[in-house]
Amino acid sequence: MLFNNTSPETATRTATALCGVDYTRVPTTEDMIPSRSGHTATFIKERGSVVIISGLGVSSQGSHAVLSNRSRKDVYEYSAESKTFTRLLPAGRAPRPTFGHTAVAITIDGFPAIWVFGGLGSRDKHEAQSN
C-alpha cells in the first residue's frame, strides 16, 4: 500500500522505478496527510488500519520533492474501511519528532499497540534515540 501526494502518473513511475512493480493508488475520501519520508507505516490487523508515525516533512518545489530538516511527531491512522485518515493522540508518552525509526505491531494485555524504536531527531541527526 502506497500513499503519496503526487499525481497518479508520477507516483506510478516512482514506485515502478523503486520497486520494479506497479501499484494501485489507494483511494481516500478526504485530503491526504502531510507528505513525509523516513516514517513508519504499521498495519494493525485488529483494526484493519495502517498507523503512520513521524518522519521528515517533504515539500514540492516545481517537479522536485525537497526533504525538510525538521522531523515530524504526528501520528495518523488510515482506515481501509472508511478510506479516511484520522490524527491520533497516543496514550502515554507521545513519540518524539523522529525519522528513520522502526515500528512493529504488538499486543499488550489483549490490546493492539505499536512499539517504536530508534530513529533520529531534527536537532541531533547523528545520535540515535529510543522512544
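These exercises walk through a predicted model of one protein chain.

**Exercise 1. Describe the overall build of the chain.**

Step 1. Count the elements: the chain has 1 helix and 7 strands.
Step 2. Along the sequence, the pattern reads α-β-β-β-β-β-β-β.
Step 3. Turn to burial. Of the 131 residues, 28% are buried.
Step 4. Check the contacts with a separation of 6 or more. Residues 24 or more positions apart account for 45% of them.
Step 5. Finish with the surface. The chain exposes about 8700 Å², and carbon and sulfur atoms supply 55% of that area.

**Exercise 2. Decide whether Ser-49 is buried or exposed, then find its partners.**

Step 1. Locate the residue: Ser-49 belongs to strand 3, which covers residues 49-61.
Step 2. Apply the cut-off. Buried means under 20% relative accessible area. Ser-49 has 1% relative accessibility, so Ser-49 counts as buried.
Step 3. List the contacts, leaving aside neighbours within four places in sequence. Ser-49 touches Thr-42, Phe-43, Ile-44, Glu-77, Tyr-78 and Ser-79.
Step 4. Look at Glu-77 again. Its side chain and that of Ser-49 are joined by a polar contact of 2.5 Å.

Conventions: Residues are numbered from 1 along each chain as its sequence is written. This is a predicted model: local features need pLDDT of at least 70, side-chain atom pairs count only at pLDDT 80 or more; totals for chains, interfaces and linings use all residues. Side-chain values use heavy atoms; hydrogens and water are left out. Helices (H or I, at least four residues) and strands (E, at least two) are DSSP runs, numbered from the N terminus. Buried means under 20% relative accessible area, exposed over 50%, partly exposed in between (1.4 Å probe, protein chains only). A polar contact is a pair of N or O atoms within 3.5 Å; within protein, one must be able to donate a hydrogen and the other to accept it, and residues adjacent in sequence count only if both atoms are side-chain atoms. Contact means heavy atoms within 4.5 Å. Accessible areas come from the Shrake-Rupley method with a 1.4 Å probe; for residues, only the protein chains shown count as cover.
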